[in-house]
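The sequence and the coordinates are shown first.

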Amino acid sequence: MAKISAEKGDERIGRRIRQLREERGMSQRVLAEAVAVSQSSIARLESGKAMVSVFTIREIAKVLKVSTSTLLDEKRIDFDISEMAGIVEKIKYYPPYQRHKLVKIMEGVLDGICGLADERGQGDEE
């Protein structure tokens, strides 16, 4: 496994925060105000030029509505399990043998997606 320098880790966290913030249509200023830090602190954090406290990471995660592990690990997918509620609701009415088939199909699809990511090198450490 490749070693990752503290600076490289800081850059990754900063990129992840920027990505999540932008996905939510939030400006650095709005995030900074919600977390009670300066906008320039958020800019430095996102560029990997500033370290951040655990408390600030927790506050940013709350504001962005993600887990702290989502912020710290860019390979994690920001996924709200409630998005699956409608599908689960439909599946539970199928007979057991059909539910089993659906689960196997979903596992195959997910394995295929993971295999594609590995082939592109997305599963590798830098």
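**Basis and overall fold**

The model is predicted: local features need pLDDT of at least 70, side-chain atom pairs count only at pLDDT 80 or more, and totals for chains, interfaces and linings use all residues. Residues are numbered from 1 along each chain as its sequence is written, and side-chain values use heavy atoms, with hydrogens and water left out.

The protein chain has 7 helices and 0 strands, where helices (H or I, at least four residues) and strands (E, at least two) are DSSP runs numbered from the N terminus. Read from the N terminus on, the order of elements is α-α-α-α-α-α-α. Of the 126 residues in the protein chain, 22% are buried; buried means under 20% relative accessible area, exposed over 50%, and partly exposed in between, with a 1.4 Å probe and protein chains only.

The protein chain exposes about 9,000 Å², of which carbon and sulfur atoms supply 57%. Accessible areas come from the Shrake-Rupley method with a 1.4 Å probe, and for residues only the protein chains shown count as cover. Among contacts with a separation of 6 or more, 60% are accounted for by residues 24 or more positions apart; contact means heavy atoms within 4.5 Å.

**The nonpolar core**

In soluble globular proteins, nonpolar side chains tend to be buried together. A nonpolar core is here a set of buried Ala, Val, Leu, Ile, Met, Phe, Trp, Tyr and Cys residues joined through side-chain atoms within 4.5 Å. The largest such core has 15 residues, and I17, L31, I60, L64, V66 and L71 touch the most other members. The elements that give two or more residues to this core are α1 (6-23), α2 (28-35), α3 (39-46) and α4 (54-64). The largest share, 4 residues, comes from α4. Leaving aside residues up to four places away in sequence, I60 touches I17, L31, V35, I42, L45 and L71.

**Packing of α2 against α3**

Helices α2 and α3 pack at an angle of about 110°, with their axes 8 Å apart. Axes are lines fitted to C-alpha atoms, for helices over the stretch in contact, and angles run from 0 to 180 degrees between N-to-C directions. This angle makes α2 roughly perpendicular to α3, on a scale where under 35 degrees counts as roughly parallel, over 145 as roughly antiparallel, 65 to 115 as roughly perpendicular and the rest as oblique. The contact is made by Q28, R29, L31 and A32 of α2 together with Q39, I42, A43 and E46 of α3.

**Salt bridges**

A salt bridge is a side-chain nitrogen of Lys or Arg within 4 Å of a carboxyl oxygen of Asp or Glu. By this rule the count comes to 8 salt bridges. The table lists three of them.

| E46 | R18 | 3.5 Å |

The salt bridge of E46 with R18 has its closest N and O atoms 3.5 Å apart. This pair links distant parts of the chain, with E46 in helix α3 and R18 in helix α1, 28 residues apart. E46 is buried at a relative accessible area of 2%, whereas R18 is partly exposed at 28%.

For the pair of K92 and E89, K92 is partly exposed at 44% relative accessible area, and E89 counts as partly exposed at 36%.

E107 and K104 both lie in helix α7, 3 residues apart, about one turn of the helix. E107 is partly exposed, with a relative accessible area of 38%, and K104 is partly exposed at 47%. Elsewhere, salt bridges that share partners join R18, R21, E22 and E46 into one network.

**Two individual residues**

R44 lies in helix α3 and is partly exposed, with a relative accessible area of 39%. R44 and G14 are 30 residues apart in sequence and 8.3 Å apart in space, C-alpha to C-alpha. Not counting residues up to four places away in sequence, R44 touches K49 and A50.

Y94 lies in the loop between α6 (85-91) and α7 (96-119). Y94 is partly exposed, at 38% relative accessible area. With residues up to four places away in sequence left out, Y94 touches R99 and L102.
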